[in-house]
Amino acid sequence: MLEIKSLKKSYTQGNQEVKIFEDLNFQVKEAQRVAIMGKSGSGKSTLLSLISGIIKPNSGDIILNNTSYKTMNESEINDFRASNIGFVFQNFHLVSYLNALENVMLPAKVNNIENAKEKAIELLKSVGLSHRLDHLPSQLSGGERQRVAIARALIHNPKVILADEPSGNLDEETGIAVMDKLFELIKANNTTLILVTHSKEVAARCEDTYELVSGNLKKC
Ligand SMILES: Nc1ncnc2c1ncn2[C@@H]1O[C@H](COP(=O)(O)OP(=O)(O)OP(=O)(O)O)[C@@H](O)[C@H]1O
Ligand SMILES: [Mg+2]
């Protein structure tokens, strides 16, 4: 489903090279749920950005759903991402001038999915937000924003969900409720999940947990 081959990634900071991955190899099967843990600064968000094609590696390749990123130009990667990947960002990244319903509808519109509005309403209902459809992000609580972000990541039925500390900013009770909903929806759709988390409890919901250490993923 996902194959990472000999991936090398470094950032250039001034005249210094910050090496993140020198030779990363990794595989995830279809419908597998994988948790990635690791110290702050170990490269977890960088890895998700590489998998989503938002940033490019120095060398190596990523193959998602039988498609090699090497074979795609930038606009092809953008289209590929829009139809295959759902991203739940650590700090939500909702569009501030769109209400909850419009935020959730966005990926469906990009993908020309029919009945986008009905689907968005259904998803928002399933995350307990049918009474908040016309609220702007600034008029929602942190937990509500995160639930909107999860609904948005799922509306186009992506093959894979990438989630970067999706319960990071939530109180324990809300965090558990949001995770319950995320796992319920991805199980129902056989979606592959790659979840970055600092929480052992959240990681335990996944079939496999890896720790990112010195640019390598070690199975826990
Ligand atoms: N654009 C950039 N330019 C230079 N260095 C960067 C850039 N982005 C990230 N880094 C560095 O790369 C390292 C890995 O960053 P990354 O955001 O992937 O870590 P992380 O594991 O997600 O950390 P956290 O748990 O704090 O979110 C960090 O040391 C960071 O300072
Ligand atoms: Mg991070």
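This is a predicted model: local features need pLDDT of at least 70, side-chain atom pairs count only at pLDDT 80 or more; totals for chains, interfaces and linings use all residues.
Ala, Val, Leu, Ile, Met, Phe, Trp, Tyr, Cys and Pro count here as nonpolar, Asp, Glu, Lys and Arg as charged, and the others, Gly among them, as polar. With that scheme in hand, the lining of the largest pocket sorts into nine nonpolar, three polar and two charged residues.

The largest pocket has a volume of about 350 Å³. Its lining is made up of 14 residues, and those closest to the pocket centre are Ala82, Ile85, Phe87, Pro107 and Arg152.

At least two lining residues come from each of α6 (172–189) and α7 (200–203), and α6 makes the largest contribution, with four residues. By residue class, the lining of the second largest pocket holds six nonpolar, six polar and five charged residues.

From its first C-alpha to its last, α5 reaches 19 Å with 13 residues, close to the 18 Å expected at 1.5 Å a residue. Most of the helix is covered, since ten of its 13 residues are buried, buried meaning under 20% relative accessible area. The buried residues of α5 are Gly143, Glu144, Gln146, Val148, Ala149, Ile150, Ala151, Arg152, Ala153 and Leu154. Among them is Arg152, which was also listed with the residues closest to the centre of the largest pocket. The partners against which the buried residues of α5 pack are β6, α3, α4 (116–126), β7 (160–164) and α6.

The loop between α5 and β7 is where isoleucine 155 lies. Is this residue buried or exposed? Isoleucine 155 has a relative accessible area of 6%, so it is buried. Leaving aside residues up to four places away in sequence, isoleucine 155 touches Val104, Met105, Pro107, Ala108, Ile113, Ala116, Lys119, Ala120 and Leu123. One of these contacts, Pro107, is also among the residues closest to the centre of the largest pocket. Isoleucine 155 and glycine 86 are 69 residues apart in sequence, yet their C-alpha atoms are 8.5 Å apart in space.

Asparagine 157 is found in the loop between α5 and β7 as well. Although asparagine 157 is not a glycine, its phi is positive, at about 50 degrees. Asparagine 157 counts as partly exposed, with 47% relative accessibility. Serine 6, found in strand β1 (residues 2–13), likewise has a positive phi, of about 45 degrees, without being a glycine. Its relative accessible area of 39% makes serine 6 partly exposed.

Methods: Residues are numbered from 1 along each chain as its sequence is written. Chains are lettered from A and ligands numbered from 1 in the order in which they are written. Side-chain values use heavy atoms; hydrogens and water are left out. On a 1 Å grid over the protein atoms alone, a cavity is a set of points where a 1.4 Å probe fits but cannot get out, and a pocket is an open set with protein on both sides within 12 Å along at least five of seven lines; lining residues have an atom within 4 Å of a point. Grid points are joined across faces, edges and corners, and a volume is the space filled by probe spheres set on the points. The expected span of a helix is 1.5 Å times one less than its number of residues. Buried means under 20% relative accessible area, exposed over 50%, partly exposed in between (1.4 Å probe, protein chains only). Contact means heavy atoms within 4.5 Å.
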